[in-house]
Each structure stands twice: as structure tokens, then as C-alpha cells.
Amino acid sequence: LPETAEFNTMLLYFATFLFGTNQLCNKIATGGASPAAVNAVRFLAASAVMLPAMRRGLARPEMRGKGLELGVWLLLGYSAQSAGVAQTTAGHAAFATTFTVLTVPLVAGLGGRQIPASTWVAGAAAMLGVALLDGGADGLSIGGGDLLCVISAVFFGVHKVRMEECTMRFPDDTEALTGLQIAVVTLGSLLWEAPEIAGVVRDGGLEGLAHFAADLPWALGIYMGVATTALTLWMEARAMKMVSAPMAALIYSSEPLWGAGLSFLCLGERWGPA
């Protein structure tokens with residue numbers, strides 16, 4: 001694949017489209033299963049396709065600590081996002097998660113980086129546009145699902161800044177770095193889901209567990225695990241060797257365009273006059 005800034009920027013735009021489909025899939029999946037169960041299926045699927053890279057990362061002590069740290073930030077972000085999406089509309093979730101576009105330059109600035117004024121202006125404009133598109137500015141609550149989505153945006157913002165630093169340190173094997181992150185998120189997701197599984201086994205035994213497993217949204221979970229998790233994380237790790245974290249966050253602010261369009265077509269969520 002070409003090692004040019006233009007190509008890596010296009011990778012981020014394609015990843016943004018996939019992230020937009022994730023909002024829709026997550027909303028549908030959590031309508032029939034708990035957020036913990038959806039996360040478990042999603043990240044088990046991601047782990048399956050990233051297993052070779054995961055092993056390479058674990059075999060490199062100098063990469064292991066960084067990969068595990070990035071995985072913790074992702075675990076916090078994905079967990080808050082899944083719990084938040086289950087309690088709000090896909091449009092509100094899209095607006096709330098756009099706070100990443102301001103979190104990234106803030107975290108980078110606190111780390112000593114000079115952030116151009118144009119980045120702040122563009123970030124604010126992106127959030128205003130998303131508010132108009134998704135109705136996020138009308139009725140966005142300060143608690144519940146909307147707040148959880150904002151918190152997830154903060155975690156994702158910290159992750160992007162740290163990811164930029166780590167990909168510059170380990171440019172030779174971004175797949176291994178991605179695999180380590182997915183390993184952490186998968187383990188955390190399984191621990192989150194463990195009490196629910198234990199309750200199912202206690203109440204219904206193995207037969208109850210079989211029915212529970214059969215009712216899980218496997219198709220959506222596998223799609224999210226492979227396409228909107230493993231693939232997008234690899235794209236992000238590869239692209240951020242050349243694209244800065246603030247620029248990546250601005251590109252990701254176009255995610256609600258896809259999320260709102262798909263929600264309009266598939267979930268019946270309608271746009272207002274704005």
C-alpha cells in the first residue's frame with residue numbers, strides 16, 4: 001500500500017464511514033441484547049481476525065505496555081459508548097461522540113503541542129454542524145445515555161493522541177499494536193458480560209445458556225468486530241503515522257453524516273428543519 005499522506009488520509013475517511021455504520025448497528029443490536037453481550041460478541045470476532053498480530057505484539061516487550069495502555073482507553077470508550085447508545089437515539093449519540101474533535105486538541109495542547117487556532121475553529125464548526133444535523137443541540141441531556149456518549153468521546157480523544165505517539169514509535173508493525181489493543185478490550189468485555197452469563201446458567205442451566213447464545217445478534221456483532229473494530233483500528237494505526245491526531249479527529253467529525261443518513265433510512269429517525 002502507498003506510504004503517502006494523501007492515501008492515509010483517505011484511509012481515515014473510509015474508516016469514518018465504517019464508524020458511521022457502527023452507530024446504526026450498535027443501536028439495533030442493543031435493542032435485543034445487553035450492551036455487555038453485544039460488546040462481548042463484537043470483540044470476540046475482532047480478536048479472531050487479529051489473533052496472529054496479537055501474538056506478535058505480546059512477543060515484543062517494548063510494545064506490550066503501550067498496546068495495553070491504548071487498549072484500556074479503548075475499553076473505557078467502547079463500554080461507555082455501548083451503554084450510552086442503548087439509552088439514547090442514534091442521532092444524539094452521534095452528536096455526543098463528536099466531542100472527540102475538541103478533546104484531541106485539548107489533550108495534545110496540555111501535552112505541550114501548539115494547536116493552531118484554525119483547528120479549534122474547525123472543531124467548533126464541526127460540532128455546530130452535527131448539532132444541526134442530528135438535533136443534538138435540542139434536547140441533549142446532561143445525564144443518562146447522552147452523558148455516557150460524551151464521556152466515551154473523551155476516552156476516544158485521549159486514545160487518539162496516545163495512538164499517534166505510539167505509531168510513530170512502532171511504525172514497523174501497526175497490526176501488532178492493534179492486536180494488543182483488541183486483546184485488552186476483549187478481555188474487559190468478557191469480564192463485563194460474565195455476571196450476565198453466570199445468571200443465565202444459574203437460572204436455566206446449559207439449556208438456558210444455549211438459548212441465550214442463540215438469541216445474540218451474531219451477524220451484527222461479527223460485522224462490528226471485523227469491519228468497524230479490527231479493520232478501522234488497523235486503518236487508524238497505519239494512517240496516524242503520517243496524519244496528526246487533531247487532523248484525524250476533524251476527519252472523524254464527518255461520522256455523523258453517515259450515522260444520520262443510515263438512521264434516516266433504517267431506523268426512521270427524521271431530520272428537523274435545521
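Visitor: Which residues make the nonpolar surface patch of about 330 Å²?

Guide: This is a predicted model. The patch is formed by V49, W218, I222 and V226.

Visitor: Which element gives the largest share of that nonpolar patch?

Guide: Helix α9 does, with three residues. I222 is located in this helix.

Visitor: At what angle do helix α7 and helix α9 pack?

Guide: Helix α7, residues 144-169, and helix α9, residues 218-239, pack at about 60°, and their axes are 8 Å apart. Angles from 65 to 115 degrees would count as roughly perpendicular, so α7 is oblique to α9.

Visitor: Which residues of α7 and α9 meet?

Guide: From α7 come H159, K160, M163 and T167; from α9 come L233, E236 and A237. Sorted by class, this contact of α7 with α9 has three nonpolar, two polar and two charged residues.

Visitor: How many salt bridges does the structure hold?

Guide: As a general idea, side chains of opposite charge can pair when their charged atoms come close. The structure holds eight salt bridges.

Visitor: Where do E69 and R162 lie?

Guide: E69 is in helix α3, residues 61-85, and R162 is in helix α7, so the pair ties together parts that are 93 residues apart in sequence.

Notes: Residues are numbered from 1 along each chain as its sequence is written. This is a predicted model: local features need pLDDT of at least 70, side-chain atom pairs count only at pLDDT 80 or more; totals for chains, interfaces and linings use all residues. Side-chain values use heavy atoms; hydrogens and water are left out. Axes are lines fitted to C-alpha atoms, for helices over the stretch in contact, and angles run from 0 to 180 degrees between N-to-C directions. Helices (H or I, at least four residues) and strands (E, at least two) are DSSP runs, numbered from the N terminus. Angles under 35 degrees count as roughly parallel, over 145 as roughly antiparallel, 65 to 115 as roughly perpendicular and the rest as oblique. Contact means heavy atoms within 4.5 Å. Ala, Val, Leu, Ile, Met, Phe, Trp, Tyr, Cys and Pro count as nonpolar, Asp, Glu, Lys and Arg as charged, and the others, Gly among them, as polar. Patches are made of residues with over 30% relative accessible area and no salt bridge: like charges are joined within 9 Å, nonpolar side chains (Val, Leu, Ile, Met, Phe, Trp, Tyr) within 5 Å. Accessible areas come from the Shrake-Rupley method with a 1.4 Å probe; for residues, only the protein chains shown count as cover. A salt bridge is a side-chain nitrogen of Lys or Arg within 4 Å of a carboxyl oxygen of Asp or Glu.
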